[in-house]
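Hi,

Here is the model I promised to pass on.

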Amino acid sequence: MLKEKFLNLIEKFSDNNNYNLECWNEIEKCYSSKSRHYHNLEHLENMISDLEHVESQVNNINALLFSIYYHDIVYKANQSDNEHKSALVFKERISATSFNHIEECVVQIEATKEHQLSSDNDINILLDLDLSILGKSENEYSKYSQNIRKEYKIYPDFMYRKGRKKVLNHMLELDSIFKTSFFKDKYEIQAISNLRSELDILN
């Protein structure tokens, strides 16, 4: 599904089938790296699956889809500029096509770093898709938190716990974790419960 959807997307803006496939192969290779336990193809599948519920609310669906595919193409647990580097990879690859909303996607991809409420609804939808795992069932959340720990295995427990608690507390201090009414209604209550449960375990 992921490959087919990406090729259908890029083919709207490029008739170079070899290049289109090259772009997909790069996405697949990056997200399938053995260091990826959560930020992988399954993460993209989940985002695209959740997108179906809100697609009618999206202003520029092509831009949002490109942002989903590229938002974590660069992901290293010990670096803080993954989003910026991912945006640069996107810009370089898709500038070779006729797609003319490059900067819009760059802004969207960069927004996944700070996850701040935006005046742009498409950005808010992207951010909510990115975090929808937080509001899934206890079992799915538990698997997610274990996979995040694996991605950060370079850090000893005491360092990881300190950093992770900071992240969880930050999210719990927000007015709401989710930005859009659909995701708030669907996931907010369960997300708060999941985050608190993980915090209890870390403490």
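First, some housekeeping. This is a predicted model, so local features need pLDDT of at least 70 and side-chain atom pairs count only at pLDDT 80 or more, while totals for chains, interfaces and linings use all residues. Residues are numbered from 1 along each chain as its sequence is written, and side-chain values use heavy atoms, with hydrogens and water left out.

Let's start with α3 (residues 41–54) and α4 (residues 61–70), which pack at an angle of about 160° with their axes 10 Å apart. The helix names come from DSSP runs numbered from the N terminus (helices are H or I, at least four residues; strands are E, at least two). Axes are lines fitted to C-alpha atoms, for helices over the stretch in contact, and angles run from 0 to 180 degrees between N-to-C directions. α3 and α4 are therefore roughly antiparallel to each other; the classes are roughly parallel under 35 degrees, roughly antiparallel over 145, roughly perpendicular from 65 to 115, and oblique for the rest. The crossing of α3 past α4 is right-handed, where right-handed means that the near helix is turned clockwise from the far one by less than a right angle, and left-handed means anticlockwise.

On the α3 side, Leu44, Met47, Ile48 and Leu51 meet Ile61, Leu64, Leu65, Ile68 and Tyr69 of α4 (contact means heavy atoms within 4.5 Å). That contact has nine nonpolar residues, no polar ones and no charged ones. For the classes, Ala, Val, Leu, Ile, Met, Phe, Trp, Tyr, Cys and Pro count as nonpolar, Asp, Glu, Lys and Arg as charged, and the others, Gly among them, as polar.

α3 also packs on α10, at an angle of about 120° and again with axes 10 Å apart. That makes α3 oblique to α10, and the crossing is right-handed here too. Asp50, His53 and Val54 in α3 meet Phe182, Phe183, Lys186 and Tyr187 in α10. By class, this contact has four nonpolar, one polar and two charged residues.

On a 1 Å grid over the protein atoms alone, a cavity is a set of points where a 1.4 Å probe fits but cannot get out; a pocket is an open set with protein on both sides within 12 Å along at least five of seven lines; and lining residues have an atom within 4 Å of a point. Grid points are joined across faces, edges and corners, and a volume is the space filled by probe spheres set on the points.

How many cavities of 30 Å³ or more does a search of the whole structure find? There is one. The largest cavity holds about 40 Å³, and its lining is Tyr38, His43, Asn46, Met47, Leu129, Ser132 and Ile133. α3 gives the largest share of that lining, with three residues.

The largest pocket holds about 1300 Å³. It is lined by 42 residues, and Thr112, Lys113, His115, Val167 and Met171 lie nearest its centre. The largest share of this lining, eight residues, comes from α9. By class, the lining has 18 nonpolar, 13 polar and eleven charged residues.

The second largest pocket comes to about 300 Å³. Of its 14 lining residues, Ser142, Ser145, Gln146, Glu198 and Ile201 are the closest to its centre. α8 supplies the largest share of that lining, six residues.

Cheers
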